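Dear colleague,

Please find below the structure for your review. My findings follow directly after it.

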Amino acid sequence: MLYTTTSILKLKRDLLKITQILDVESIRKDFPILKREVNGKPLVYFDNGATSQKPQVVIDAITNYYTNENSNIHRGIHTLSQEATNAYEEARKKVQQFINAKHSNEIIFTKGTTDSINLVASSFGKKHLKKGDEIIISTMEHHSNIVPWQMICEEKEAILKVIPINDKGELLMDEFKKLLSPKTKMVAVTHVSNTLGTINPVKEIIAEAHQKGALVLIDGAQAVPHTKVDVQDLDCDFYAFSGHKMFGPTGVGILYGKEAILNNLPPYQGGGDMIKTVTFEKTTYNELPHKFEAGTPNIVGGIGLGVAIDYMNSIGISTIEAYEHELLAYATKQIKQIEGVRIIGEAKNKASVLSFVVDGTHPSDIGMIIDKLGVAIRTGHHCTEPLMNRFNVPGTARASFAFYNNEEEIDIFIAALNRAVTMLK
Ligand code: 7TS
C-alpha cells in the first residue's frame, strides 16, 4: 500500500511535535561517534538492536575511573578501594531504582543478558528441574534464551515447549495457556523481540504462569533501552538485560531476581567474593548479591552503566518511548513506498525495530550496498534462527532506532535502500 504525501506530512508534523519535547539535535552532540563518516558519508547508525552508541558522559566515566579511581572492590580498606566499592554499589542502586526492584541485593551484576540467562538456567535447573518437567519459551526468542534451556533440559531430561506466533509476529496467547500445566517449572520469554520488534504482553504471561506455579524469566535486552520497566509491577521472578544496549559499556549486564527466589538457588560460579568462609572441608556462601558475583567483576562497566542510566533518566524514558514510536511510524510508512519490500514483524504493539526482506534480493547484499552509503543496519538471522524458519526466510535486513536517530537519517536510509533495490533488480 502506498501512502499519500498528506499522510507522510502528518507523520513529519508528529515527529516535529515530539522533537520539541526531545531536543534530538543537542542529544546527538552527546554521542561523539555520530560525528564520524563512513565511506565518505555521514554515519547513519541503525544497528542499535545489536549495540547502542555511548554518550560522552559514559566515555568520560570510564576514563575517569581508570585515571583516578582504579582499584579492586569489596576487599581493600584503602581509600581507592573504598571509593571504587562505593561507586560500584552506587551503580547497583541506580539499576535498582531504574527498574523499581524492591532491594538492591536483588540486582546481580553479570556480563550481559546471555550470562544472566545462563545463570538462571544453570542454577535453577540444577536445583529445581527433574525428569519430565517442562520449560516454556517462545518462537521469537534470541538464541541466548533458547540454548541455555536446551542444555539444562538435556541434562535433566526436562522438556522444552515453544509458544507459537501468528504471521504478524504476535504470540498466540491461547496456545500459551494450553501449554501451561503443573509440569511447567519455568516460562522464559522476551519482553521485546530483537528481530520483529514485537512487545509481548509479559504482565499477562507472568500472571498466567504464576497461577500454574511456574516461575517466569523475562529477557529484557531490547526492552530496557526503550520502555519503562517496573519489575515489581510486572511481578516477574527474573529479568535479564545488557548494559551495552542501553548506552552503557559492553561486558556488563544485570540479572534481577526476587530475593527469596535467589536465596533459594545455588551459586552459579565459585571463587572470590561469593564466599563467607572457606575450609577444605566446607565452604559457606556469601549473601546476596555477592553469592552470584564470583571473582573481580567488570567494575568500570558497572559504574559506566550507572552513568548511562543517569543519562537516560535525564531525557526521560517516556519521552524516549514516544519519540521512537514516531520514528518507527515514519520509517514504516516510508519503507512501504518501496516496491517489493515486505516487513517481517507487524505486531500491533511494536518497539523501534524494522525488519524487512526485499523480493528477489538477499538481505546481506542490501546491507553491503547501503553501508557504502554510510548506513549501518544488521542483516542475517539476528540470532533467531527458529524465528527465521517460522517466516520461511534465511534472514532479514533490520533497522533498529534509538532516541539519537532522526527523520533526516531515515530519509537517507530510504534513499539508500531505494538505490540498493534498483541496483539488485
Ligand atoms: N536477548 C535479546 C532479545 C537480544 O536482542 C540479545 C542480543 C540478547 C538476548 C543477547 O544479549 P547479549 O548482550 O548477552 O549479547 N541481540 C542482538 C541483536 O539483535 N543483534 O546483535 C545482538
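Around the ligand there are 16 residues, of which Thr114, Asp219, Ser242, Arg378 and Arg398 come nearest; a residue is counted here if one of its heavy atoms lies within 4 Å of the molecule. A polar side-chain atom of Arg378 is 2.5 Å from a nitrogen atom of the ligand, while one of Arg398 lies 2.6 Å from a ligand oxygen. For His244, a side-chain N or O atom is 2.7 Å from an oxygen atom of the ligand.

Please note that this is a predicted model, in which local features need pLDDT of at least 70 and side-chain atom pairs count only at pLDDT 80 or more, whereas totals for chains, interfaces and linings use all residues. Residues are numbered from 1 along each chain as its sequence is written, and side-chain values use heavy atoms, with hydrogens and water left out.

The protein chain is divided into domain 1 (5-47 + 316-424) and domain 2 (71-313), with bounds from an automatic or database domain assignment. Their centres, taken over C-alpha atoms, are 29 Å apart. To the contact (heavy atoms within 4.5 Å), domain 1 brings 34 residues and domain 2 brings 29.

The two domains bury about 2,600 Å² between them, 59% of it on carbon and sulfur atoms; this is the accessible area (1.4 Å probe) that the two parts lose on being put together, summed over both. On the side of domain 1, Ile317, Leu387 and Arg390 lose the most area to domain 2, together 22% of what that side buries.

One salt bridge is counted between the domains, the criterion being a side-chain nitrogen of Lys or Arg within 4 Å of a carboxyl oxygen of Asp or Glu. Asp167 forms a salt bridge with Arg390, with 2.8 Å between the closest N and O atoms.

Two backbone details remain. The peptide bond from Leu288 to Pro289 is cis, with omega near 0°. Phe247 has a positive phi of about 75° although it is not a glycine.

Kind regards

How values were computed: A polar contact is a pair of N or O atoms within 3.5 Å; within protein, one must be able to donate a hydrogen and the other to accept it, and residues adjacent in sequence count only if both atoms are side-chain atoms.
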